[in-house]
Amino acid sequence: SCELIPNPCDTDNPCNPETEICVPEKISGDLYSGVAKCGAIVFFDDFESGASKWTLAGNWQIGVPNVAGAITTAYSGSNVLATNLTGNYSNEHSQAATITPNITFNAGDIVYFQFKAYVNTELYGSTWYDGAQLQYGEHYIGLTHDGVDLYGEVKLFYDGWSGSEESFIGIRGKSVQNTYSTFKGTAVISATETKVIRFAFASDSDGRAPGIYIDDFIIYKISN
């Protein structure tokens, strides 16, 4: 067995900390089982070097969070990727933070996504509004997390309660006691392809909140 971070799988088969991360025997979704293996790190960003690895649209920013009533620290270092660093996100915001350049995966790769997130989106009654997805190409990555009710149905209303309604599955909710949670997802690649990877956030026409802060985003893979 081993920890996802830091990495040596075991004393007999250590991972190279510069290029690899340890993948334990059991992982989310049971997509891989067997002995612990070293997965190749494809992408990592703790956001301390700014936006050099990203194309940011709309409210998305990278820097130090400073919003009253929300967490004002990163999980590590000083910077985060945020829907807004200094206030609530905008209404009718539908933009993405996209990794630049796109990433190529090979057929048979098992790809793992992991990041820390603080979440604070709109709650009305018992329904969560506004939220984000981690998207791979035209698909979203299903996520698990170690927080409390931070992933599920997101509702959007446009033009008031009498207008149109949409919903999707994504990151939404409110982090307990202003803490970061660990989110994880996996994808099995069926054919060699180069895809866009992005965090896409959407908000409706009413109600705002501090939003979502991302830190320590890592993508790694096992090649079969």
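Visitor: Why is Asp109 called buried?

Guide: Asp109 has a relative accessible area of 1%, and buried means under 20% relative accessible area, exposed over 50% and partly exposed in between (1.4 Å probe, protein chains only), so Asp109 counts as buried. This is a predicted model, in which local features need pLDDT of at least 70 and side-chain atom pairs count only at pLDDT 80 or more, whereas totals for chains, interfaces and linings use all residues. Residues are numbered from 1 along each chain as its sequence is written, and side-chain values use heavy atoms, with hydrogens and water left out.

Visitor: What makes the pair Asp109 and Lys221 a salt bridge?

Guide: A salt bridge is a side-chain nitrogen of Lys or Arg within 4 Å of a carboxyl oxygen of Asp or Glu, and the N to O distance between the side chains of Asp109 and Lys221 is 3.3 Å, so the pair meets the definition. Asp109 lies in the loop between β7 and β8 while Lys221 lies in strand β19, so the pair ties together parts that are 112 residues apart in sequence. The strands named here are DSSP runs of E with at least two residues, helices being runs of H or I with at least four, numbered from the N terminus. Lys221 is buried too, its relative accessible area being 15%.

Visitor: How many salt bridges does a search of the whole structure find?

Guide: The search finds three. In one of them the side chains of Lys195 and Glu138 meet at 3.3 Å, N to O; Lys195 belongs to strand β17 (residues 193-195) and Glu138 to the loop between β11 and β12 (139-140), so parts 57 residues apart in sequence are tied together. Another joins Arg172 to Asp149, with the closest N and O atoms 3.1 Å apart; here Arg172 sits in the loop between β15 (165-171) and β16, and Asp149 in the loop between β13 and β14, 23 residues apart.

Visitor: Why is Glu138 called exposed, and why is Asp149 called partly exposed?

Guide: Glu138 has 59% relative accessibility and therefore counts as exposed, whereas Asp149, at 42%, counts as partly exposed. Arg172, the partner of Asp149, counts as buried because its relative accessibility is 7%.

Visitor: What is Thr121 in contact with, and why is Thr121 called buried?

Guide: Thr121, in the loop between β8 (110-120) and β9 (122-124), has 4% relative accessibility and so counts as buried. Contact means heavy atoms within 4.5 Å; leaving aside neighbours within four places in sequence, the contacts of Thr121 include Tyr89, Trp128, Arg172 and Ile212.

Visitor: What makes a set of residues a nonpolar core, and which residues have the most contacts inside the largest one?

Guide: A nonpolar core is a set of buried Ala, Val, Leu, Ile, Met, Phe, Trp, Tyr and Cys residues joined through side-chain atoms within 4.5 Å. The largest has 35 residues, and those with the most contacts inside it are Trp54, Phe115, Phe217 and Ile219. Strand β8 gives the most to this core, with five residues. Apart from it lies another core, of 10 residues, among them Val67, Ile71, Leu85 and Tyr118.

Visitor: Where is the pLDDT below 50?

Guide: The pLDDT, the predictor's confidence in each residue from 0 to 100, averages 86 over the protein chain, and 85% of the residues score at least 70. Over residues 1-8, however, the pLDDT is below 50, and residues 26-33 also fall below 50.
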